[in-house]
Each structure stands twice: as structure tokens, then as C-alpha cells.
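I am opening a notebook page on this protein, to record what I looked up and in what order.

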Amino acid sequence: MTEEIAQDCPVCLEYSAYWGDPGQMIQANCPRCGEFEFSGQARALLTQEYDEVEDGKMRLGPKGSRKRANASGWIREHSGTIIYGDRVAPLASHDTPKPLERANKLLRTLGASEATETGEVNINTPEYYGRTWVKDRREITDIAKILSDQGFIEIGQQTIGPTGLVPVRITAAGWTRLEKLRSIEDNQRQLDLPLEDILEIGESGSIEFKSSLRFNLKSEKNDPKIEMAVLKTIAGFLNVNGGTLLIGVTDDGRPLGIEVDGFESEDRAQQHLINLMRDKIGLEQVLNVRVSFEQIDDHRVMVVRCSPAASEVWVRAGGNEQFFIRAGNTTNELSPSKAAKYISGRFDH
Ligand SMILES: [Zn+2]
């Protein structure tokens with residue numbers, strides 16, 4: 001028999017979560033973080049409030065911390081995830097998505113709600129906090145304001161207090177924007193989107209920006225680490241659903257141009273990328289990648305469109321091989337055992 005009990009969620013600490021007792025793993029269903037499981041050891045670590053303790057391991061910090069908001073947001077996007085003790089430190093080290101990215105998350109969540117089709121929706125709720133990675137009412141109101149300033153939503157009459165209503169409604173322009181966001185998630189349709197739209201919407205699961213192909217803007221030298229970052233992104237796309245890499249664009253979507261890499265010509269830049277792929281990933285994968293150059297303002301941007309690969313892609317680095325997947329907005333390396341598991345599920349052999 002599973003027993004239902006109400007307790008504070010060990011991640012966000014603020015709301016009641018209900019769980020049964022199936023042995024040592026505890027199942028949570030938090031209104032903010034959604035459904036996940038955690039071990040007793042993870043719970044002990046999660047509920048510690050210190051940012052960093054003597055063992056040097058990161059913790060989530062006190063109730064209401066930025067790290068707790070990020071952890072909650074990440075769990076919301078990975079429904080059903082299992083958190084063991086050794087996953088607490090990674091959970092505490094997620095980067096905060098940029099405001100524009102969180103605004104897009106808010107618009108997507110609104111678009112998925114049936115209530116939005118007919119009228120106003122209150123976004124000052126635990127579920128909206130989780131889905132937009134925000135800490136509190138002030139932050140979700142700031143995120144909503146980004147969308148309302150752009151004319152994508154209208155904010156209705158609010159009521160006061162931390163749990164007061166913040167009602168919003170999607171405008172016609174907002175539905176158009178949502179359609180573009182969905183196109184970006186759908187890799188096939190994404191290929192038809194103009195580059196201006198991609199730059200405006202920003203990085204996502206299938207879009208990544210890199211400032212350069214080989215030139216390190218900080219050290220002002222060509223740098224193999226910069227090349228490796230490009231290859232990891234490409235491998236991550238190939239191993240999952242494909243995606244588009246723009247080279248010559250800053251993190252926040254500002255075109256810098258492939259000029260910074262100092263190639264003699266665009267042909268040379270393209271050949272350089274193909275050589276890197278041949279050496280580090282394997283020549284056969286070049287077939288899954290289309291390279292073009294497009295004009296944005298006064299700059300030329302290198303566009304690398306990657307189709308999903310038919311077999312797994314490893315990146316050779318030093319004497320080792322590494323396996324990457326694109327998950328959310330980041331490219332993650334998998335351990336050999338996790339890579340083997342992922343490969344057997346994703347690729348036919
Ligand atoms: Zn929670």
C-alpha cells in the first residue's frame with residue numbers, strides 16, 4: 001500500500017508535495033516542480049540550506065533562492081526525473097535562462113493552456129513559476145512585461161499580495177509569435193524560417209549561437225577549445241533531433257560575422273569546418289550537415305544546419321571519445337554507460 005502524505009517539496013520547499021512510500025525512492029508531485037522521484041539521501045542534501053558546505057559540494061541554498069528556482073524549472077522540464085544524492089550538485093549548478101528565453105517559456109506555457117484560447121489566465125501560480133524558472137511574483141511579472149512590451153500578451157487587472165492575480169491574455173501578435181516558436185522546435189519547419197526570426201527568438205533546443213569558429217575573442221588567438229565547442233554542438237544535434245548552429249553570432253543574438261575568424265574566403269571557412277569534422281567526428285557525418293553563409297546587417301553569418309544522424313556520433317578529443325546530446329538549451333556529455341543506454345534507445349542497429 002502506498003500511503004499519501006503531505007510534506008514540503010524538498011526542491012522548492014514552499015509547497016506541499018504528496019508521495020507514497022515505494023521502498024526507498026519517494027515520489028513527489030509538486031504543484032511547482034511537477035512529478036519526480038528522489039532518494040532519502042537526495043532529500044537530506046536538498047533540504048540543507050547552505051550554498052556550499054565543507055565537502056565543497058553545491059547545495060540549493062535557502063528557501064526562495066535563485067538556485068531553487070532553477071532546480072524547480074529544470075525538474076518541470078524533465079518530468080519523471082529521478083534525483084539521487086549525486087545529482088544534487090548538478091541540480092544546484094544550472095544556469096539561469098536569459099529573460100527572453102524565460103519569456104518564450106511563458107508564452108509557450110500560455111499557448112498550451114486551453115483556458116488561454118478563451119480568455120485570461122492567472123500566471124501567478126506555482127505551475128507558472130516552475131515552467132518559467134522564476135522565484136516569485138515580482139519575477140513572473142517582469143517576464144510577463146517583456147511579452148506585453150512586445151505586444152504578445154495583455155496584462156489584465158491585478159490584485160495585490162504575493163498570491164494575488166496576474167491575469168494575462170495572448171494577443172493576435174502573440175499567437176503569430178507562438179507559431180514561430182513552434183516552427184523552431186520542429187526542425188523540419190525551422191529550416192524555412194528566415195534568419196532574422198531565428199536571431200530574434202534566440203537559442204533553444206535546436207538553435208545555438210557561437211561567436212566564432214576558431215578565434216578566441218578573449219585571448220585574441222585561434223584556439224582549439226573554440227573549435228571543440230562547435231564540434232560538440234554539432235555532435236549533440238546529430239545525436240538527437242538535429243538543429244541549426246549559427247557561427248558569428250553572440251549568445252544574445254547579435255551578429256558579429258564570421259569575419260572575426262579571419263579566413264581568406266567563405267570557402268576556406270567551410271573547408272575548415274569540414275576538415276575538423278573529418279578529423280574529430282568522421283567524414284560520413286559531413287553528409288548530415290549543410291553549410292551556407294547569410295547576410296545579416298553588415299555581417300556574414302555561417303549557418304550550419306544539422307539533420308539527425310542515422311548512427312551515433314562520437315567526438316574524438318585527445319586519446320578519448322566523448323558522446324554528446326542536445327538537451328534543452330545545452331549540450332551535455334554522457335558517461336559511457338549512459339551513452340550506451342541512450343544509443344540503444346535512439347539508433348537502430
Ligand atoms: Zn517543488
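The axes of H4 (residues 99–112) and H8 (residues 172–185) come within 10 Å and cross at roughly 105°; axes here are lines fitted to C-alpha atoms, for helices over the stretch in contact, and angles run from 0 to 180 degrees between N-to-C directions. At this crossing, Asn104, Leu107, Arg108 and Gly111 of H4 meet Gly174, Arg177, Leu178 and Leu181 of H8, where a contact requires C-beta atoms, placed from the backbone, to lie within 7 Å.

I note that this is a predicted model, in which local features need pLDDT of at least 70 and side-chain atom pairs count only at pLDDT 80 or more, while totals for chains, interfaces and linings use all residues. Residues are numbered from 1 along each chain as its sequence is written.

I then went through the secondary structure and found 13 helices and 17 strands, both taken as DSSP runs numbered from the N terminus, with at least four residues (H or I) for a helix and at least two (E) for a strand.

E9 runs parallel to E12 (residues 243–247), joined by 4 bridges, and Phe209 has Leu246 of E12 as its bridge partner.

I compared this with an open, antiparallel sheet of 3 strands in the order E15-E16-E17, whose edge strands are E15 (314–317) and E17 (330–334). Neighbouring strands in this sheet are turned by 45° against each other on average, direction ignored. E15 and E16 (residues 320–327) pair over 4 bridges, and Val315 has Gln322 of E16 as its bridge partner.

Lastly I checked the whole: an automatic or database assignment gives domain 1 (5–91), domain 2 (99–178) and domain 3 (192–346), and the C-alpha centres of domain 2 and domain 3 lie 33 Å apart. The C-alpha atoms fill a box of roughly 65 × 50 × 40 Å along the principal axes.

Notes
Two strands pair if DSSP finds at least two bridges between them. Two residues are in contact if their C-beta atoms, placed from the backbone, lie within 7 Å.
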